[in-house]
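Reader: I am new to this structure and would like a close look at one part of it, the aromatic rings. Please take me through how they are arranged.

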Amino acid sequence: MSMADDKPKHFVDTEPFDPNREAPADPDRERYYQASQWRIVWWKFRRHKIAVAAGIVLLIFYMAVPFAEIIAPYGANQRNDDFLYAPPQAIHFFDQGRFVGPFVRGYTAELDMETLSWRYGPDPDGVQPLRFLCLGAPYEFWGLIPGRFHLVCPADGGTLFLLGTDRLGRDVFSGLVYGARLSLTIGIVGVTISIVLGMFFGGIAGYFGGFVDSAVNRLIEILRCIPELPLWMALSAALPVTWSPIWIYFGITVILGMLDWPGLARAVRSKLLSLREEDYARAAVLMGARPRRIIGKHLLPGFTSHLVASATLAIPNMILGETALSFLNLGLSRPAVSWGVLLNEAQNITIVTVYPWLMAPVIPVIIVVLAFNFLGDGLRDAADPYKT
């Protein structure tokens, strides 16, 4: 019998146990620990599928904003006197079983003598092929550069009213495209103002405490006690009627931004109250750093991701605020175009029941607000260091 056969059956050759020996490194764990804060937030955000989809939807909306003149087949205030309250035209690809490409059918119109209004119907023989990357209605790109290039145009002598027209024959779809420029940007500009004010007042309240903290809290409580919509209406009505639409736009933006900062200021204050007791903040104080540098360089960057998530959730409130004010004739008005201005056409319920396509601006408002809320939920979960 060999010496190997003398070993017990349960015997296993191992190296002596060394308590100081390091465990083999896990590549994924090493990659996680060496990543920056923003990279970790991005990894966690990608796992939130609904938030990612919402971000893609918002990206499409905002990418269309700079090119509204090119995307819209008509001007925002261009009238078509022969097609008042015309219904939407559907896009077809087949005519009598034959593929002819994308086209719309023309209208047949007759005057209803009882209601003194026009009744429209599709013309079975009025095939109007669509033209793409074409020359159409003239415009001024961003009000500066004359142009006629469009993404899609109606056939020569034809019409292209994808969402119908209003009481003056203005294309509703073109109005939605142009209206996105004001409705979507007013939220970003207003939130920027809100963030600056919220970080300033919340920063000084959370860092200094004492009397400053009490004064800021009392100011926040006063503003939060006033109902938002009546306050918006009062301040918007105070804007001079002689102002141009651009100044009205900036005025409403400033009003929305200045009234939305208390919630963000409270979040900044509560965070700074805990962060100012950390060792690195105390070390900065002992080294002689000024409060402005400590707040701006050491405390605020520690929860920037939370501020981004809070701002994302605040933008829908700005959009809804502008939409409500314009709907009530207290905000923007023609010739400026926003989703709220378009909804102003649908104030009469009788008109809405007869011409339901005038409610089309509600659809992008709902989509954008829901997308921002889903995106904000995803960013908030990704920015939470305790959520895995």
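Author: A search of the whole structure finds 16 aromatic pairs, where the rings of Phe, Tyr and Trp (its six-membered ring) pair if their centres lie within 6.5 Å, and planes under 30 degrees apart count as stacked, over 60 as edge-to-face and the rest as tilted. One of these pairs is formed by Tyr62 and Phe372, which is edge-to-face, with 6.3 Å centre to centre and 80° between the planes. This pair links distant parts of the chain, since Tyr62 lies in helix α3 (residues 49-64) and Phe372 in helix α15 (residues 362-383), 310 residues apart; helices here are DSSP runs of H or I with at least four residues, numbered from the N terminus.

This is a predicted model, in which local features need pLDDT of at least 70 and side-chain atom pairs count only at pLDDT 80 or more, while totals for chains, interfaces and linings use all residues. Residues are numbered from 1 along each chain as its sequence is written, and side-chain values use heavy atoms, with hydrogens and water left out.

Tyr62 is partly exposed, with a relative accessible area of 22%, whereas Phe372 is buried, at 5%; buried means under 20% relative accessible area, exposed over 50%, and partly exposed in between (1.4 Å probe, protein chains only). Tyr249 and Phe250 also form an edge-to-face pair, with 5.4 Å centre to centre and 70° between the planes. Of these two, Tyr249 counts as buried at 9% relative accessibility, and Phe250 as partly exposed at 42%.

Elsewhere, Tyr74, Phe83, Tyr107, Tyr120 and Phe161 form one aromatic cluster.

How values were computed:
Helix = DSSP H or I, 4+ residues; strand = E, 2+ residues; numbered from the N terminus.
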